[in-house]
Each structure stands twice: as structure tokens, then as C-alpha cells.
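I opened this entry to get my bearings. My notes follow in the order I looked things up.

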Amino acid sequence: MSLVPWFRWSETPHKLTPRSPAELVLETLMMELAWQIKETEKQHRERENEYRKIRTGVDYSWLASPPRNAYDLSPGERLQLEDACAKIHPSYCGPMILRFRQLIAEYEPEVHEVSQLFRSVLQEVLEKMKEEEAVRKLTKQWNTRSRGTLSLTTFRTRSRIFPFTSDIRTISEDVERDVHPTPRVWSMPEFQMHKDQ
């Protein structure tokens with residue numbers, strides 16, 4: 001009987017598959033949420049211990065073993081948050097984490113409020129992404145539309161210029177009659193509108 005199958009080092013090492021940016025963003029944001037929940041629980045326990053110490057006057061913290069994490073996200077809530085995190089563009093990941101940490105420091109939420117705060121920051125970032133995408137689309141439409149309307153191939157006008165028709169009055173006619181011409185009016189060619197029906 002060979003012992004080779006028992007040894008793991010005889011197998012070829014598994015290569016890590018490269019992950020997409022969306023997967024990295026999802027993993028980073030969910031790790032940040034889990035870490036903030038853990039830190040909030042830790043701070044909550046420390047506050048309770050301090051309060052108990054003040055109330056009883058005795059410190060038994062050396063005797064107690066650190067409790068396990070009491071709060072965990074429900075599977076449905078975790079899936080909803082993961083789905084929302086997957087929509088976040090990688091360029092928004094860092095600013096979102098900074099905003100989330102800022103709100104955690106500002107409000108000092110309870111443990112069960114951390115996921116709600118995270119969800120509100122997610123919605124904020126998603127709305128900002130939608131607004132910027134709408135602005136980008138409008139800018140693109142404006143740029144393509146303005147190029148199209150100013151091009152010579154699409155330029156049409158209903159007014160036609162007839163510079164050599166006999167009913168155009170000239171400045172010399174006004175001089176001969178001793179009438180002072182109004183400025184610029186007679187120097188412009190006459191425009192006539194033709195109805196194309």
C-alpha cells in the first residue's frame with residue numbers, strides 16, 4: 001500500500017484564479033461591514049464592563065472569557081447587502097468605506113444598527129453613481145447632438161437669399177432721393193420665405 005495519496009504535498013498546488021473587480025469590491029465591503037460589527041460589539045462590551053465596574057466597584061473582567069460575537073446578519077439581509085455591494089463600481093469602494101467609517105465614528109451606533117447604516121451608505125453611493133451616469137449620458141447626447149446639428153449635411157433653411165432680384169433697394173437709390181438710410185438694413189440682402197408645400 002502506497003502512502004503517496006496521503007501526502008498533500010505530492011499534489012500540484014492549486015493556482016488562484018484571478019478575481020474580477022466586482023468580486024473584490026464585494027469582498028472588501030462585506031469584510032468592512034463584518035469588521036465594523038465586531039468592533040461595535042467590542043466597544044459595547046467595554047462600555048458595559050465599565051458601567052458594571054462603576055456600579056459594583058469590583059472588576060471581574062480577568063475572570064470572564066471574551067464572549068463570542070453575538071450579532072450576525074440574517075441570510076436574507078446578507079444576500080441583499082451583497083447584491084447591492086456587487087453594483088458598486090471599484091472607484092467608489094474607497095470613498096464608500098471612508099463615509100461608512102465616518103458615520104460609525106459620528107453616531108456610535110448599536111450593533112444591530114451598523115448594517116442599517118451600511119445599507120444607507122450603499123444607497124447613497126448607488127444614487128450618486130446613477131446621477132453621475134445620467135450626467136455622463138446627457139453630456140454624451142449633447143455632444144453628439146450638437147455635432148449633428150452643426151454639420152453642413154444637415155443644415156437646411158427655409159429662407160432663401162436672392163441678391164440679384166430687381167426689387168432690392170440699394171443705398172444709391174436712397175442717396176438720390178436725399179433720404180438717409182437706416183444703418184445696416186439696406187446693406188443686408190433680402191430674405192424671402194418660400195413655403196415648401
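I call a residue buried under 20% relative accessible area, exposed over 50% and partly exposed in between, with a 1.4 Å probe and protein chains only. Helices (H or I, at least four residues) and strands (E, at least two) are DSSP runs, numbered from the N terminus.

I noted that this is a predicted model, where local features need pLDDT of at least 70, side-chain atom pairs count only at pLDDT 80 or more, and totals for chains, interfaces and linings use all residues. Residues are numbered from 1 along each chain as its sequence is written, and side-chain values use heavy atoms, with hydrogens and water left out.

Overall: I found 5 helices and 2 strands in the protein, in the order α-α-α-α-β-α-β along the sequence. The protein has 197 residues, of which 18% count as buried.

Helix α3: I checked its length first. The helix covers residues 90–107, and its 18 residues should span 26 Å at 1.5 Å a residue; the end C-alpha atoms are 26 Å apart, which agrees. The expected span is 1.5 Å times one less than the number of residues.

Which residues of α3 are buried? I listed Tyr92, Cys93, Met96, Ile97, Phe100, Leu103 and Ile104. They lie on the same side of α3, because they cover an arc of only 140° around the axis. That arc is taken from the directions from the helix axis to the C-beta atoms. Leu98 and Ala105, on the other side of α3, are exposed. Just after α3, Glu108 has a positive phi of about 45°.

Leu63: I placed this residue in the loop between α1 (21–56) and α2 (75–86). Leu63 counts as exposed because its relative accessibility is 59%.
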